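Open the model in your viewer and get ready to select residues. We will go stop by stop.

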Amino acid sequence: MERCYHDKPDLDKEIEAITDLATTAKDEMDFAMESRNSVYYNEDKKAAHEAVEDMAQAYAGLLGRLSAADKQVVETRIGMKIKEIQSAYEIMTLSDIED
């Protein structure tokens with residue numbers, strides 16, 4: 001169901017929540033990279049994967065509920081950050097395959 005936010009603070013709260021998930025995902029990826037070649041790496045990588053998935057699902061879920069105008073606002077404000085984190089996670093997992 002498409003939703004148009006007439007109340008900007010509600011949309012801002014949802015964007016802030018996704019931004020918090022993005023920060024968590026980035027932190028978990030950093031922890032995983034720091035623990036690379038240690039016994040903690042697999043568990044840290046799993047935590048990073050879960051955090052990236054949570055972020056991506058929240059972002060896609062929000063976009064799926066928005067009007068075209070509000071979707072554009074969200075994509076402009078946080079879309080690049082989401083894509084950067086997803087790309088960084090993919091690179092991190094690809095480097096595992098190459099090792």
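Select E43. E43 sits in helix 2, residues 41-65 (helices are DSSP runs of H or I, at least four residues, and strands are runs of E, at least two, numbered from the N terminus). This is a predicted model: local features need pLDDT of at least 70, side-chain atom pairs need pLDDT 80 or more, and totals for chains, interfaces and linings use all residues. Residues are numbered from 1 along each chain, and side-chain values use heavy atoms, without hydrogens and water.

E43 is exposed, at 53% relative accessible area. Buried means under 20%, exposed over 50%, and partly exposed in between, with a 1.4 Å probe and protein chains only.

Now colour the buried residues of helix 2. Among them are Y41, A48, V52, Y59 and L63.

Zoom out. The protein chain has three helices and zero strands. Of its 99 residues, 30% count as buried.

Next, how many salt bridges are there? The count is three. A salt bridge is a side-chain nitrogen of Lys or Arg within 4 Å of a carboxyl oxygen of Asp or Glu.

- Select D12 and R77. Their closest N and O atoms are 2.7 Å apart. This pair links helix 1 (residues 8-34) to helix 3 (residues 68-98), 65 residues apart.
- Select E14 and R65. Their side chains meet at 2.5 Å, N to O. E14 is in helix 1 and R65 in helix 2, 51 residues apart.
- Select D30 and K26. They meet at 3.0 Å, N to O. Both lie in helix 1, four residues apart, about one turn of the helix.
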